[in-house]
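Hi everyone, thanks for coming.

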Amino acid sequence: MSQNIVKGIDVSSHQGVIDWDQAKKEVDYAILRAGWGNDSPGQDDEQFERNVAECERLGIPWGAYLYSYAMSTEEAESEAKHLLRLLEGKRPRYPVYLDMEDADGYKEKRGGLSRETATEICLCAGDRLEAAGYYFGIYASKDWLENRLDLSRLSRFDIWLAQWNDEPTYCGQFGMWQYTSEGRVSGIAGNVDMNRTTGYRDYPAYIGGKYEADKPEETAPIARYRPGDRVRVKGRLYASSDGSGAGKSVDGEYTVSRYLPGRQAAILIEDGLGWVREADCLPAGETVAPGVLREGARVRYTGRVYGDSYGGGAGKTVDGVYTVDRYLPDRACGVHLPAGWVPEAACTVVD
């Protein structure tokens, strides 16, 4: 192995509430469990959001993983959606991994996975994560890598090797090595998994550079309102302009007190009654005519879907009629359908 060793940990809710200020003194990066299995909020790791926030606060580069229970490509699709939901708006500087171990025997108890099915599960998840702009990898033991996965079909993905040993004996290529589950790190109660990278790739520089290359040129949000304007509002009130603290719904005309274009809930009405989303507002006196694009509208769309509203992470091509569940009119791909983000100009309202 190269002597250019970079030291990391991987953690989950099993480590409880981590004192990241202390942990930072002893680690170079962290891989954080996002959750496990199908796309259900009940299967999100309860410490993931906090761990991400703490790593971002302290400048600790981080990646993520999801423990896979998939027995089919249909379940792999749901697991990919699980990761994408939790990663939305985040930009990890280490890979996003699918954890293919079977530590609790779940897969074995159900007859196990054939080499072909296990490989297809990795391909399915990898295709979805790469299409959304993430750097994807596979976590697996030496046995899984040598006997249970067809690595000739997975060669484009990064490998995170799990082999608890003094030195790795796996002969294939890998970017990260988990060498023990009995590490000790300040700020973490009990044991923690320890990892090393060999220095053949500077993940933060490579992945961060990829994000910058894919990022479209920023444009300033269009300012449509001014304080004192009267607006017609039909929607929910929020406690903050970031869209947090959802409250009661309102339907009527109100005066704009503050306007912060580009925020989730950009308009403060009636000197503090609450913040409302711009998509829920119209200038007073105007009405929404049939056929206007808005949240809840039905639209026909044929074309490629994207991983975010800026047009990053081009994915599969779709063709059909969909319900708009989110609308950000100032973005390059500001219409969100169940399939992903799409450009407004390519949508045709059908109701």
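Before we start, one term: a residue is called buried if its relative accessible area is under 20%, and exposed if that value is over 50%, with partly exposed in between. Take aspartate 280: its relative accessibility is 15%, so it counts as buried. Its salt-bridge partner is arginine 277, with N and O 3.2 Å apart. Arginine 277 has a relative accessible area of 21%, so it is partly exposed. Please keep in mind that we are looking at a predicted model.

Now let's go to strand β3. Is this strand, residues 62–67, enclosed or open? Six of its six residues are buried, so the rest of the structure largely encloses it. You can check both faces: on one side sit Trp62, Ala64 and Leu66, on the other Gly63, Tyr65 and Tyr67, and all are buried.

Which strands pair with β3? One is β2, residues 29–36, which runs parallel to β3 and is joined to it by six bridges. Within that pairing, isoleucine 31 has glycine 63 as its bridge partner. The other is β4, residues 96–99, again parallel, with four bridges. There, tyrosine 65 is partnered with tyrosine 97.

The helices come in here too. β2, helix α2 (residues 48–58) and β3 form a right-handed β-α-β unit. β3 then takes part in another right-handed β-α-β unit, with helix α3 (residues 73–87) and β4.

Let's stay with the tyrosines for a moment. How many aromatic pairs does the whole structure have? A search finds 14. In one of them, tyrosine 67 and tyrosine 69 have ring centres 5.0 Å apart and planes at 50°, so this pair is tilted. Tyrosine 67 is at 10% relative accessibility, so it is counted as buried.

Another pair, tyrosine 135 with tyrosine 203, is edge-to-face, with 6.2 Å between the centres and 70° between the planes. Tyrosine 135 is in the loop between α5 and β5, while tyrosine 203 belongs to helix α7, so their contact ties together parts 68 residues apart in sequence. Both tyrosine 135 and tyrosine 203 are buried. They also belong to one aromatic cluster, together with Tyr29, Tyr94 and Tyr206.

Arginine 110 places its charged end over the ring of tyrosine 106, 3.7 Å from the centre. Likewise, arginine 196 lies over the face of tyrosine 179, at 4.2 Å from the ring centre.

Back to salt bridges. Side chains of opposite charge can pair when their charged atoms come close. The count here is 17 salt bridges. One joins glutamate 77 to arginine 128, at 2.5 Å from N to O. That pair connects helix α3 with helix α5, 51 residues apart. Glutamate 77, at 22% relative accessible area, is partly exposed, and arginine 128, at 23%, is partly exposed too.

A further salt bridge holds aspartate 251 and arginine 232, whose closest N and O atoms are 2.8 Å apart. Aspartate 251 is in strand β10 and arginine 232 in strand β9, so the pair ties together parts that are 19 residues apart in sequence. And Asp21, Glu54 and Arg57 make up a salt-bridge network.

Last stop: strand β14, residues 298–306. β14 pairs antiparallel with β15, residues 314–323, over eight bridges, and three bridges join β14 to β19, also antiparallel. In the β19 pairing, valine 299 stands opposite valine 349.

Conventions
Residues are numbered from 1 along each chain as its sequence is written. This is a predicted model: local features need pLDDT of at least 70, side-chain atom pairs count only at pLDDT 80 or more; totals for chains, interfaces and linings use all residues. Side-chain values use heavy atoms; hydrogens and water are left out. Buried means under 20% relative accessible area, exposed over 50%, partly exposed in between (1.4 Å probe, protein chains only). Helices (H or I, at least four residues) and strands (E, at least two) are DSSP runs, numbered from the N terminus. Two strands pair if DSSP finds at least two bridges between them. A crossover is right-handed if, with the strands pointing away from the viewer, the path from the first strand over the helix to the second runs clockwise. Rings of Phe, Tyr and Trp (its six-membered ring) pair if their centres lie within 6.5 Å; planes under 30 degrees apart count as stacked, over 60 as edge-to-face and the rest as tilted. A charge sits over a ring if NZ of Lys or CZ of Arg is within 6 Å of the ring centre and within 35 degrees of the ring normal. A salt bridge is a side-chain nitrogen of Lys or Arg within 4 Å of a carboxyl oxygen of Asp or Glu.
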